[in-house]
Amino acid sequence: MAVVVNKPIPEFESQATGGVKVSHQSDLGQTLVLYFYPKDNTPGCTTEAMQFRDKYKDFVKAGAQVFGVSRDNMKSHDDFKAKLELPFELIADTEEKMCHMFGVVKNKIMYGKKVKGIERSTFLIGPDGVLRQEWRGLKVPGHVEEVLKAVKTLKKAA
């Protein structure tokens, strides 16, 4: 089942760093920001993670929980999180269940070859478990500020 804006997100359950289990119900009552990125320790993903890190306190103040999601395994996530001192958890979606549910797996051309990869995307889920906004195929510069603005707008509307 795919996600649709202004509809409740489907059921899911995933493991994150820090031994945290994340599900469609684990953060009900809190705004949830799920950002999907292609791979740990790559230039764009590192920049994006650092920007979420640097604005993390603002997200928390606005009532939001942030999770990064990629297909990397837990060891890779633990190393990436430690290296960048990320204050939020990373979800290891090694079986691509969340990636497919959120429709972020795309065919890409890399070095002239067709490969299956994650399209950089962010999803804003309201405290009621309803998908409020999505950003797909995004560019890193300015994106985190845009998401934070949307989180603050959602909080004002509540």
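1. Start with Glu48, which sits in helix α1. Helices here are DSSP runs of H or I with at least four residues, strands are runs of E with at least two, and both are numbered from the N terminus. This is a predicted model, in which local features need pLDDT of at least 70, side-chain atom pairs count only at pLDDT 80 or more, and totals for chains, interfaces and linings use all residues. Residues are numbered from 1 along each chain as its sequence is written, and side-chain values use heavy atoms, with hydrogens and water left out.

2. Is Glu48 buried or exposed? Glu48 is buried, because its relative accessible area is 1%. Buried means under 20% relative accessible area, exposed means over 50%, and partly exposed lies in between, with a 1.4 Å probe and protein chains only. Contact means heavy atoms within 4.5 Å. Not counting residues up to four places away in sequence, Glu48 touches Tyr35, Tyr37, Arg120, Thr122, Leu138, Val140, His143 and Val144.

3. Tyr37 is one of those contacts of Glu48. Tyr37 lies in the loop between β3 and α1. Its relative accessible area is 0%, so Tyr37 is buried. With neighbours within four places in sequence set aside, the contacts of Tyr37 include Cys45, Glu48, His77, Phe80, Leu90, Ile118 and Arg120. The C-alpha atoms of Tyr37 and Gln133 are 17 Å apart, and 96 residues separate the two along the chain.

4. Ile118 is in contact with Tyr37. Ile118 belongs to strand β7. Ile118 counts as buried because its relative accessibility is 1%. Beyond neighbours within four places in sequence, Ile118 contacts Phe36, Tyr37, Pro38, Ser70, Arg71, Cys99, Val104 and Lys108. Between the C-alpha atoms of Ile118 and Gly103, 15 residues apart along the chain, the separation is 9.1 Å.

5. Now the hairpin. Which sense do β6 and β7 pair in? Strand β6 (residues 105-110) and strand β7 (residues 113-118) pair in the antiparallel sense, over six bridges. Two strands pair if DSSP finds at least two bridges between them. Lys108 stands opposite Val115 in β7, and Ile109 stands opposite Lys114. In a regular strand, side chains alternate between the two faces of the sheet. Two residues lie between the strands of this hairpin, where Tyr111 takes a positive phi near 55°.

6. Next, the sheet. Five strands form an open sheet with mixed pairing, in the order β5-β4-β3-β8-β9. At the edges are β5 (89-92) and β9 (131-136), each pairing on one side only. Neighbouring strands of this sheet are turned by 20° against each other on average, direction ignored. Axes are lines fitted to C-alpha atoms, for helices over the stretch in contact, and angles run from 0 to 180 degrees between N-to-C directions. Strand β4 (residues 64-70) pairs with β5 in the parallel sense over four bridges. Val69 stands opposite Ile91 in β5.

7. Helix α1 (residues 43-61) lies across β3 (31-36), β4 and β8 (121-125), and runs at about 160° to β4. Helix α4 (residues 143-157) packs on the sheet and touches β3, β4, β8 and β9. The direction of α4 makes about 170° with that of β9.

8. Two loop residues deserve a look. Glu85 has a positive phi of about 55°, although it is not a glycine. Glu85 is in the loop between α2 (74-84) and β5. With a relative accessible area of 66%, Glu85 is exposed. Glu96, also not a glycine, has a positive phi near 65°. Glu96 lies in the loop between β5 and α3 (97-101). At a relative accessible area of 11%, Glu96 is buried.

9. How many cavities of 30 Å³ or more does the whole structure hold? The search finds one. On a 1 Å grid over the protein atoms alone, a cavity is a set of points where a 1.4 Å probe fits but cannot get out, and lining residues have an atom within 4 Å of a point. Grid points are joined across faces, edges and corners, and a volume is the space filled by probe spheres set on the points. The largest cavity holds about 60 Å³ of space. Its lining includes Ile9, His24, Asp27, Leu32, Ile125 and Pro127.

Terms used
1 Å grid on protein atoms, 1.4 Å probe; cavity = no way out; pocket = protein on both sides within 12 Å on 5 of 7 lines; lining within 4 Å.
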